[in-house]
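Let's take a friendly walk through a protein model, from its inside to its outline. Have the viewer ready and follow along.

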Amino acid sequence: MSAPLLEVDNLRVSFHLRTGTVEAVRGVSFALGRERLGIVGESGSGKSQTGRAILGLTPPPGEVRADRLTFDGIDLLKASKRQLRDLRGGRMTMVMQDPKYSLNPVMTIGAQMIEAYRAHVRAGKAEAREKTLDMLAAVKLRDPARVFSLYPHEVSGGMGQRAMIAMMLVTDPDLLIADEPTSALDVTVQQEVLRILDNLVAERGMGLIFISHDLRLVSSFCDRVLVMYGGKVMEELAAGDLDAARHPYTRGLMNCLPALEGSSHPLPVLERDPAWAQ
Amino acid sequence: MTAMIEIEKLTVVFGSGSLRVAAVDDFTMRVDRGESFGLVGESGSGKSTVLRAVCGLAPAAGGSIAVDGKPVPTPRDRAFYSTVQMVFQDPYGSLHPRQTVDQILSEPLSIHRLGDQDRRIAAALGDVGLGPSFRFRYPHQLSGGQRQRVAIARALILEPKVLLLDEPTSALDASVQAEILNLLERLRAEHGLTYVLVSHDLAVVTHLCGRLIVMRNGKAVEETDAPRLRAGETASPYTRELMQATRGFTRASQTTE
């Protein structure tokens with residue numbers, strides 16, 4: 001096995017606020033090859049901030065520190081802004097939660113995809129257009145030419161999210177970070193979008209970080225799962241070994257989901273032990 | 001006579017001409033007193049519109065709705081709202097951002113001219129597991145789960161017989177969802193409430209409800225109950241698809257079942 005695509009060692013993200021310092025991520029370490037890694041946790045567990053820190057998208061008062069944060073041998077903490085801009089959207093990209101807010105509302109889907117493509121690849125307009133249409137077809141939109149000329153408000157949530165995935169994959173990235181890509185979608189549409197994502201990741205041999213609060217979904221989709229609580233990794237598991245989870249937090253997260261096969265009444269409530277976050 | 005809600009051939013239409021959409025089409029449902037009934041489907045299936053039609057928030061173009069044995073008046077009167085109350089999906093959107101919890105809870109009491117506000121508000125907060133310290137906070141000072149508890153308290157404060165729950169947990173984390181589901185279950189037992197729960201999550205519906213209807217494109221696809229679903233007895237392929245989606249992601253090659 002070659003060197004990992006992404007190495008994160010002791011990642012810390014803190015926000016210095018008037019009321020004190022909030023540490024959102026406190027010492028997260030992992031290595032990612034060309035595989036699917038899931039990060040699971042409740043709101044406020046630091047899972048999204050971990051993803052953002054890797055891309056250098058931590059919002060202003062935030063400070064990112066790490067012993068090591070490298071992408072394909074490039075030190076992301078020492079990289080210049082220019083270098084980061086080239087990487088971001090080019091070799092590493094991110095799919096956000098809600099296509100309604102993350103697509104540009106005043107540009108057609110096609111125009112913003114062409115913009116994203118030409119920001120990273122030297123290509124003529126015609127070539128970019130062709131590449132964009134191919135990508136829209138690859139995410140199984142029924143009529144790529146039509147979607148190309150639509151504005152984001154004219155498409156449904158599922159179509160918007162597919163367009164978003166197409167836009168993020170058009171530059172052939174090596175790493176895709178998906179932050180709750182299906183939480184704003186319906187159950188059935190969710191399956192379709194995941195299937196598309198799954199096929200594309202497998203075909204292109206990308207690394208994927210899948211961030212979600214849904215443990216069941218993540219474990220059925222990813223190869224490996226990191227469970228986060230209070231900015232720390234509680235447990236790392238192979239997706240198949242979820243039943244063998246030892247940490248009480250992981251077990252709690254699993255048990256609090258009602259199951260179709262019947263679940264206990266009342267549902268077990270997640271017990272949070274402040275000592276875990278120490 | 002034990003039916004609490006009877007809906008006969010309900011049709012709800014939005015738009016006209018070429019834009020005419022029948023959001024609910026010829027929908028019939030009967031919910032018994034004290035029962036917990038589920039409506040499942042994807043977005044646009046009309047499941048929320050059924051609830052809104054019962055409440056008078058969506059216009060019924062045809063069919064009839066009766067609550068507690070009486071046809072509902074249009075517009076709905078005060079007696080109706082003291083029988084039926086609704087809890088909405090998004091606790092971030094359904095609470096007034098400039099009102100304290102106390103103001104939010106006292107408004108229905110003032111509208112219905114109920115006295116003894118102080119005691120009622122304290123009791124409603126206690127019911128949903130929030131202490132008196134929450135009374136003078138604003139919604140932005142509460143977490144999602146706490147907001148949903150306030151929304152439930154607001155619905156309960158008029159001591160209704162029926163609660164219409166429109167995706168009460170889908171905006172919440174899995175762990176908070178469990179707390180709210182337990183709360184709803186306890187409240188139903190304590191107050192003898194009738195629930196109609198709308199959700200896209202079959203697991204949530206089967207956890208809380210006995211009988212349920214699967215909806216798609218404004219029509220009922222199948223009426224079934226939790227034990228039959230668990231045994232895998234489904235009449236329609238759509239219900240099976242929903243069940244599969246609830247179990248998590250499956251790669252096309254490894255569809256075992």
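Predicted model: local features only at pLDDT ≥ 70, side-chain atom pairs only at ≥ 80, totals over all residues.

As a general rule, nonpolar side chains in soluble globular proteins tend to be buried together.

## A six-stranded sheet in chain A

Now look for the open sheet of chain A: six strands in the order β7-β8-β9-β3-β10-β11, with mixed pairing. Because β7 (92-95) and β11 (232-238) of chain A each have a single partner strand, they stand at the edges, and one side of each lacks a neighbour in the sheet. On average, neighbouring strands here are turned by 20° against each other, direction ignored.

Inside the sheet, β8 (residues 175-179) and β9 (residues 207-212) of chain A run parallel and are joined by five bridges. A:A178 stands opposite A:F210 in β9(A). Helix α1 of chain A, residues 47-55, lies across β3, β7, β8, β9 and β10 of chain A, at about 150° to β8(A).

## Chain B as a whole

Chain B has nine helices and ten strands. Its radius of gyration is 19 Å, close to the 18 Å that the globule rule gives for 257 residues, so chain B is as compact as a globular protein of that length. The C-alpha trace of chain B spans about 55 × 40 × 40 Å along its principal axes, and 44% of the 257 residues in chain B are buried.

Technical notes:
Residues numbered from 1 in each chain as written. Chains lettered and ligands numbered in written order. Pairing = 2+ DSSP bridges. Helix = DSSP H or I, 4+ residues; strand = E, 2+ residues; numbered from the N terminus. Axes fitted to C-alpha atoms, helices over the stretch in contact; angles between N-to-C directions. Contact = placed C-beta atoms within 7 Å. Rg over C-alpha atoms; globule rule 2.2 N^0.38 Å. Buried ≥ 20, exposed ≤ 12 C-beta atoms within 10 Å, placed from the backbone.
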